[in-house]
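Subject: Model handover

Hi,

Here is the model we talked about. Please load it before reading on; my notes follow below.

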Amino acid sequence: MNDTFKGFLRNDGKVGVRNHIAIIPSVFCSAKVAERIAYQVPGCVYFRHPVGCSQVGEDLEITAKTLISIGKNPNFAGVVVVGLGCERFSPYELAEGIAPANKMLETVVIQKEGDSLAAIQKGSRIAREMQQIASRQVREEVPVSELTIGLNCGGSDMTSGLIANPALGHASDRLVKNGGTSLLSEITELLGTEEILARRAVNAEVSNDILETVRRTEEKLFRQTQQSSNIERTHLISKGNYDGGLSSVVEKSLGSMKKSGKASFSGVVSYGEQPKSKGLYLLDSPGHDGEVSTGQVAAGAQMILFPTGRGTPTGFPGVPVIKITGNPNTYQRMQENIDINAGEVLLGNQTLEEMGEGIYQEIIEVASGKQVKAEILGHDEQFCVTRLP
Amino acid sequence: MEKIAAQRKKSILVIDPADNVAIALKDLKKGEQCFVDGSDPPEWIPLLDDIPFGHKLAIRTMEKNESVLKYGEEIGRMKTSVNKGGWIHTHNLYCERGGGK
């Protein structure tokens with residue numbers, strides 16, 4: 001029960017599994033400047049996004065909370081906020097939100113510096129210095145209870161629900177049992193499982209929250225799928241899911257929920273917010289792979305666990321995404337993108353429990369610094385802030 | 001999950017005893033005889049359609065609007081009836097959750 005990993009201790013008590021400098025634009029207008037700063041200083045990661053202006057209400061609030069929470073994630077030793085200067089969600093508000101994490105933090109504003117080139121120069125100098133300071137920090141041994149993992153999946157097929165997801169469920173259960181935190185999300189892909197999940201809630205309040213979260217998502221889906229003008233846009237699951245043998249969203253959901261193992265749900269977390277304690281939580285998010293990971297990293301996940309039956313190469317800036325496939329053919333085809341071949345279970349070479357244990361050990365290794373394939377190949381597509389219609 | 005391992009040489013898998021579908025563990029051809037695991041007395045089903053890897057086939061005859069059970073849970077209902085050994089997919093299964101097809 002004394003499982004440990006080696007991570008970077010942060011001033012706010014959190015532990016990072018990576019030690020990057022994050023370059024975060026407060027608005028889409030400063031995305032290229034942020035990208036150029038990150039190119040000047042290898043080791044930095046940047047967060048291109050299309051939001052931060054012309055938004056109101058809850059939509060803008062979710063954007064604001066998410067960007068702030070990404071900046072606070074312990075995988076980042078320092079943050080350079082890059083603003084344009086006239087945007088509604090100001091770079092100073094973003095920086096003030098990140099400040100309580102008590103990490104290296106600076107703000108560069110294009111209109112204040114003069115132009116984009118001046119902003120790139122200033123930001124690069126700041127990032128260079130932060131990078132050097134961060135490079136002196138060494139990993140220290142900490143208990144696995146400091147880990148938060150995001151459970152996500154994409155490109156599902158029959159093998160996801162049969163093998164990769166339940167194997168991940170074993171690993172998640174083991175982490176939760178050892179005091180860690182695990183986040184199940186993708187509410188659109190939990191339709192039809194809500195009664196089963198609600199029965200696993202720690203109390204009646206959480207049970208009700210789970211049912212209500214699924215109900216709200218389904219209500220939204222109904223609004224979007226009942227317009228006669230968009231009658232060809234009503235499929236809740238992808239063509240690849242269909243080709244892989246999944247016939248309905250509920251069939252996909254019953255497989256999807258297996259990622260969360262058998263542990264009890266301690267609560268429901270809103271998008272852009274963090275769980276109040278350790279344990280297994282349901283994070284309210286749509287099913288889009290990137291929006292899920294983004295919500296999970298904002299919730300504090302230092303790592304994403306990602307079963308994929310059809311095979312997807314995507315990754316997240318500064319956060320390892322461990323790819324697992326239960327489909328042996330997919331593994332053969334996409335070995336350069338997929339970290340764990342759970343197809344061995346389908347072939348009868350390993351049991352689900354053995355595979356789950358293997359995934360748990362991989363979590364510890366990756367937390368201690370082993371790079372995953374998506375990181376090595378530079379995949380960073382999964383950063384997408386969710387929007388409200 | 002020893003069950004999956006034992007299925008290694010077999011062609012279809014019934015996930016839960018309550019299920020009325022099995023899944024193909026490899027690409028299967030119309031006319032092939034498949035052993036239904038867990039069946040007692042032992043039962044072989046002749047396939048009425050080609051069943052691609054990962055797809056479902058009926059292990060019992062099902063009527064229109066009957067619940068399709070996988071993982072022991074309802075994943076949808078039948079648009080039309082299907083005979084034992086027939087392919088079950090979006091052409092004959094519907095699910096109205098979320099307003100989807």
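Is Glu113(A) buried, partly exposed or exposed? Glu113(A) has a relative accessible area of 26%, so it counts as partly exposed. Keep in mind that this is a predicted model.

Glu113(A) forms a salt bridge with Lys122(A). The closest N and O atoms of that pair are 3.2 Å apart. Lys122(A) is partly exposed as well, at 32%.

**Helix H5(A)**

Helix H5 of chain A runs over residues 116-135. Its 20 residues reach 28 Å from first C-alpha to last, close to the 28 Å expected. At its start, a side-chain oxygen of Asp115(A) comes to within 3.3 Å of the backbone nitrogen of Leu117(A). Buried residues of H5(A) include Ala119(A), Ile120(A), Gly123(A) and Met130(A). Their cover includes strands S3, S4, S5 and S6 of chain A. Helices H1 and H4 of chain A are also among the covering elements.

**Salt bridges**

The whole structure has 22 salt bridges over all chains. One of them joins Asp59(A) and Arg387(A), at 2.9 Å from N to O. Asp59(A) sits in helix H2 and Arg387(A) in the segment after helix H15, so the pair ties together parts 328 residues apart in sequence. Asp59(A) is buried, at 9% relative accessibility. Arg387(A) is partly exposed, at 40%.

Arg216(A) forms another with Asp284(A), with closest N and O atoms 3.3 Å apart. Here helix H8 of chain A is tied to the loop between strand S11 and helix H11, 68 residues apart in sequence. Arg216(A) is partly exposed, at 40% relative accessibility. Asp3(A), Arg174(A) and Glu357(A) are linked in a network of salt bridges.

**Interface of chains A and B**

The contact takes 43 residues from chain A and 30 from chain B. About 2,700 Å² is buried between the chains, and carbon and sulfur atoms give 60% of that area. Met158(A), Leu162(A) and Ser247(A) supply 20% of what chain A buries against chain B, more than any other three residues.

Four salt bridges link chain A and chain B. In one of them, Lys70(B) meets Glu251(A) at 2.7 Å, N to O. The interface also shows 13 residue pairs in polar contact. On the chain A side, elements that give two or more residues include helices H6, H8, H10 and H14.

**Chain B**

An unreviewed UniProt entry annotates residues 19-94 of chain B as "domain: SAF". Over those residues the chain is 0% helix and 36% strand. The end C-alpha atoms are 17 Å apart.

Best wishes

How values were computed: Residues are numbered from 1 along each chain as its sequence is written. Chains are lettered from A and ligands numbered from 1 in the order in which they are written. This is a predicted model: local features need pLDDT of at least 70, side-chain atom pairs count only at pLDDT 80 or more; totals for chains, interfaces and linings use all residues. Side-chain values use heavy atoms; hydrogens and water are left out. Helices (H or I, at least four residues) and strands (E, at least two) are DSSP runs, numbered from the N terminus. The expected span of a helix is 1.5 Å times one less than its number of residues. Buried means under 20% relative accessible area, exposed over 50%, partly exposed in between (1.4 Å probe, protein chains only). Contact means heavy atoms within 4.5 Å. A polar contact is a pair of N or O atoms within 3.5 Å; within protein, one must be able to donate a hydrogen and the other to accept it, and residues adjacent in sequence count only if both atoms are side-chain atoms. UniProt positions are given in the numbering used here, feature names are shortened, and annotations may be inferred rather than shown by experiment. Buried area is the accessible area (1.4 Å probe) that two parts lose on being put together, summed over both. A salt bridge is a side-chain nitrogen of Lys or Arg within 4 Å of a carboxyl oxygen of Asp or Glu.
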